[in-house]
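The following exercises are to be worked with the sequence and the 3D structure at hand. Each task is followed by a solution in steps.

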Amino acid sequence: MNSYIISNVNVIPMNIDTVLMNKMVYIKEGRIEKIADLIEVSEIQIFDGENKYLTPGLIDMHVHVWDRYELGLYLSNGVTAVRNLWGIPMHLRIKEDIVEDNIFSPTFFTSGPKLTGREFIGDDNLNLTNPSEAKEKVISYKARGYDFIKTYYGIDKDIFDAVIEQSQRSEIDIVAHPSQKVSFSYHLKPQIKSIEHAEEIVQQALKYDIDSIKLQPIIESISKSEHTSYCPTITGFNNIYQMMINDSILSSESINYMNPLIRKVDSKNQFKRWSNAIKNDSSEVSRIKNQHDFHIMIVQKLYEAGVNIICGTDAGIGVTLPGFSIHKELAFYKKAGLSNYEVLKTATVNASQTHSIMNQLGTIEEGKIANLLLVDENPLIKLSSLENPTCVFIQGRKLNRETLDSYNERAKNRKNLMASAISYLENLIIEK
């Protein structure tokens, strides 16, 4: 059922910094039809909002989805839309099943496979060797149903130029993990709608020189690019530090929410990598911690400069949990000095403005898709109230807390390692 009225509810619309007290919200066929003090519609069910708070659903703009159990983890944590940035054929099947109403899921957007340069070899990358091949891949990914082009490390300028040119012709947006083969400012081109990872400002633009004075002109250049959003993914990097200081992190209860293949391979490999780094140089711990603290400053400077900051976690790899991690990410933005309203914007209206295909999300306004959260307390006062929503509405469908908790239980300790491996191998066969 996706047509009903929610009564006695306080609406946080997120298109303005206010709370609309004691309203009625009419949801019709999965969209917000009307918001008013009194709405009268014959023969329609009315849900009592019990004076709770209705907010737009959260949007995680940088995730890596490995199975359908993770979709439930996102919903349980109030994430009603995700932007998956490592696309494989499995994700196209997920999109198809969502469209056909075969599964409950956040609104799902996905890039194609990661496009890298000639030298950056790895089974998780699609290596481009010349501009013609680059254009062919862009055309192919658009035709197959991917929503974005994901550019990654090591792309030379001639190939990158071809990707951008063809993306413009094919009318498909680019999401960029910056390439070290071009200048950082190159990624401010109009077809690139968002740049990923605060650490790339440190590692590429600043050449690992943590210097606030050198940072300022970089921030200014980003702020002048009106089409550019920035996705910091503070949590993903911070989890490097967490692995360094917690020897038992891989045996923690929470790690069981990770996909079993990722847990067995990627989580262990990352833990081993950083454990070895400490053995070789004990100062690595303080270096990573200092860089993380500098990332918090970067978010502060981006916000002060008026850059459109979008919330992304890098969830699904390492030890970064699907769903749960968004609340940690939002807390980091709060630590950077953003108000609760500005923090919430990063995961709602800011995210929805990044791509035209997401414009119907992110606010509670008439005509928008009814991806909503019902929470006990006002998140503009208590941000943590978003962590366990009473209800989640996904395209108007109401999921209560009991259902959401069941998604957590199904995902925990799931036994789908072999199925995940087959999906991963399928991508290697098709893309390589």
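**Exercise 1.** How are H8 and H9 oriented to each other: parallel, antiparallel, perpendicular or oblique?

*Solution.* The model is predicted, so local features need pLDDT of at least 70 and side-chain atom pairs count only at pLDDT 80 or more, while totals for chains, interfaces and linings use all residues. Residues are numbered from 1 along each chain as its sequence is written, and side-chain values use heavy atoms, with hydrogens and water left out.

Step 1. Helices (H or I, at least four residues) and strands (E, at least two) are DSSP runs, numbered from the N terminus. Axes are lines fitted to C-alpha atoms, for helices over the stretch in contact, and angles run from 0 to 180 degrees between N-to-C directions.

Step 2. The axes of H8 and helix H9 (residues 284-304) cross at roughly 120° and come within 8 Å.

Step 3. Angles under 35 degrees count as roughly parallel, over 145 as roughly antiparallel, 65 to 115 as roughly perpendicular and the rest as oblique. H8 and H9 are therefore oblique to each other.

Step 4. Contact means heavy atoms within 4.5 Å. Trp-274, Ala-277 and Ile-278 of H8 meet Glu-284, Val-285, Arg-287 and Ile-288 of H9.

**Exercise 2.** Describe the packing of H7 against H8 and against H10.

*Solution.* Step 1. Helix H7 (residues 234-245) packs on helix H8 (residues 260-280) at an angle of about 65°, their axes being 9 Å apart. H7 is thus roughly perpendicular to H8.

Step 1. With helix H10 (residues 325-335), H7 forms an angle of about 95°, with axes 9 Å apart. This too makes H7 roughly perpendicular to H10. Among the contacting residues are Ile-234 and Asn-238 of H7 and Lys-328 and Phe-332 of H10.

**Exercise 3.** Why is H2 described as largely enclosed by the rest of the structure?

*Solution.* Step 1. Buried means under 20% relative accessible area, exposed over 50%, partly exposed in between (1.4 Å probe, protein chains only).

Step 1. In helix H2 (residues 89-99), 8 of the 11 residues are buried, so the helix is largely enclosed. The buried residues are Pro-89, Met-90, His-91, Leu-92, Ile-94, Lys-95, Asp-97 and Ile-98.

Step 2. Their cover includes helix H1 (69-76), strand E7 (79-84), strand E8 (107-116), helix H3 (131-144) and helix H14 (417-431).

Step 3. Just after H2, Asp-101 takes a positive phi of about 60°.

**Exercise 4.** Which residues touch the most other members of the largest nonpolar core?

*Solution.* Step 1. A nonpolar core is a set of buried Ala, Val, Leu, Ile, Met, Phe, Trp, Tyr and Cys residues joined through side-chain atoms within 4.5 Å.

Step 1. The largest core has 81 residues, and Leu-58, Ile-201, Ile-222, Ile-298 and Leu-330 touch the most other members. A second, separate core of 21 residues includes Tyr-141, Phe-160, Val-163 and Ile-172.

**Exercise 5.** How many disulfides are counted?

*Solution.* Step 1. A disulfide is a pair of cysteine sulfur atoms within 2.5 Å. The count comes to 0 disulfides.

Step 1. For Cys-311, the closest cysteine sulfur is that of Cys-231, at 7.1 Å, which is too far for a bond. Cys-311 is buried, at 0% relative accessibility; Cys-391 is also buried, with a relative accessible area of 6%.
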